Amino acid sequence: MLKLSGEVLAGEKGIGVDPLVVRLIARQIAEAARSGVQIAVVVGGGNYFRGKELSLAGMDRSRADYMGMLGTIMNCLALQDFIEKQGVETRVQTAITMGQVAEPYIPRRAVRHMEKGRIVIFGGGLGAPFFSTDTTAAQRALEVGAQAVLMGKQGVDGVYDADPKFHPEAVRFDHLTYSEFLTRGLKVADATAIALCRDNSLPIVVFDLLAEGNIGRAVRGEKIGTLIGG
Ligand code: UDP
C-alpha cells in the first residue's frame, strides 16, 4: 500500500497538480507494478484543502473535511491517467460514491483487481471527517491484506529526531518502534494511523518519494528510509 501525500503532486507550485511530477511518480509506480508486485495507492489531498486549516479560518470542520476528501479524488484521477498512459491498468475506488468517475469502495473487488494486475487507487479518504489519508492508508492496507504501508514523502528520506529543514544536525532513524514514534510526538505520519498499524502489526516505511527508483526499492522490500514496526 503506497501512500502519496497531495503536497507531493503539486510540485513547486504548492497547489493543484503538476503534471511533470505526477508523470514521474506514475512511471515509477507502473514500473514497480510490471515487476509483478500487487500495488494499491491511497492519495492525500493537502494540495487542495486540509479540513483542519479551513476550520481554523472559520469553516465548519466536517464540511471542510468533505472538501478535503473531494480534493483527494481529483488527485486520484490525475494519477490514474498518467499510470494508464504507461500502459498499466488501474481502477479508482472512492469512499464517497461518485459513479460517473470511479467505482465505489468495494474491498473484495479491489483485491480482485490487484490479482488481475491492476493498480487500485483509493480516493475520498475513509469517507468520514476527522480522519486523514494516512489513517486511510493503514485501514485500507489492513482490509485488502497489504503487507506494508509505504509512505512516500517529498524532500525527506525518512523519520528524523527533529525537522531536518530547520535542524541540520537532526538524526535519521533506520528503525523505530510504533511506541517510540508515538512517545516522541513525531509528525511525519499521524498518530491514529500509527496506532492502527501498531495494533495490527502492520509495518510502515517512510521514504523519499521523488528520488529516482525509490518506489521500486520500497515495493521490493529493500532497506530504504525508516522502518516503523514492532
Ligand atoms: N479527510 C477526511 N477524512 C479522511 C481523509 C481525509 O476528512 O478519511 C480530509 C481532511 O480534511 C484532510 C484532507 O481530507 O485534511 C486531505 O487529506 P490529508 O490531509 O490526509 O492529505 P495529505 O496531507 O496526505 O496530502
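Two residues are called in contact here if their C-beta atoms, placed from the backbone, lie within 7 Å. This is a predicted model, in which local features need pLDDT of at least 70 and side-chain atom pairs count only at pLDDT 80 or more, while totals for chains, interfaces and linings use all residues. Residues are numbered from 1 along each chain as its sequence is written.

**View 1. Gly46 and Leu4, from one annotated binding site.** An unreviewed UniProt entry marks Lys3, Leu4, Ser5, Gly6, Gly46, Arg50, Gln154, Tyr160 and Asp163 as "binding site" (positions follow the numbering used here, feature names are shortened, and annotations may be inferred rather than shown by experiment). These residues span 161 residues of sequence and are spread out in space too, up to 23.9 Å between C-alpha atoms. Gly46 sits in the loop between strand E2 (40-43) and helix H3 (51-56); helices (H or I, at least four residues) and strands (E, at least two) are DSSP runs, numbered from the N terminus. Leaving out residues up to four places away in sequence, Gly46 touches Ser5, Gly6 and Glu7. Gly46 is buried, with 21 other C-beta atoms within 10 Å (buried takes 20 or more such atoms within 10 Å, exposed 12 or fewer, and partly exposed is in between, with C-beta atoms placed from the backbone). Leu4 belongs to strand E1 (residues 2-4) and counts as buried too, as it has 28 C-beta neighbours inside 10 Å. Beyond four places in sequence, the contacts of Leu4 include Leu9, Ile25, Val41 and Val43.

View 2. Gly45 is in the loop between E2 and H3, while Thr133 is in helix H6. With neighbours within four places in sequence set aside, Gly45 is in contact with Thr133, and also with Gly6, Gly68, Met69, Gly71, Thr72 and Asn75. Gly45 is buried, with 28 other C-beta atoms within 10 Å. Thr133 counts as buried, with 28 C-beta neighbours inside 10 Å.

**View 3. Helix H6 against helix H8.** H6 (residues 133-144) packs on H8 (residues 191-199) at about 15°, with the axes 7 Å apart. Axes are lines fitted to C-alpha atoms, for helices over the stretch in contact, and angles run from 0 to 180 degrees between N-to-C directions. H6 and H8 are therefore roughly parallel to each other (under 35 degrees is roughly parallel, over 145 roughly antiparallel, 65 to 115 roughly perpendicular, and the rest oblique). Asp134, Thr135, Ala137, Ala138 and Gln139 of H6 meet Thr192, Ala193, Leu196 and Cys197 of H8.

**View 4. Helix H2 against helix H4.** H2 (residues 19-34) and H4 (residues 61-85) pack at an angle of about 60°, with axes 8 Å apart, so they come out as oblique to each other. From H2, Val22, Arg23, Ala26, Ile29 and Ala30 meet Ala78, Leu79, Phe82 and Ile83 of H4.

**View 5. Arg140 in helix H6.** Arg140 is part of H6 and counts as buried, with 26 C-beta neighbours inside 10 Å. Apart from neighbours within four places in sequence, Arg140 is in contact with Met1, Ala40, Val42 and Phe122.
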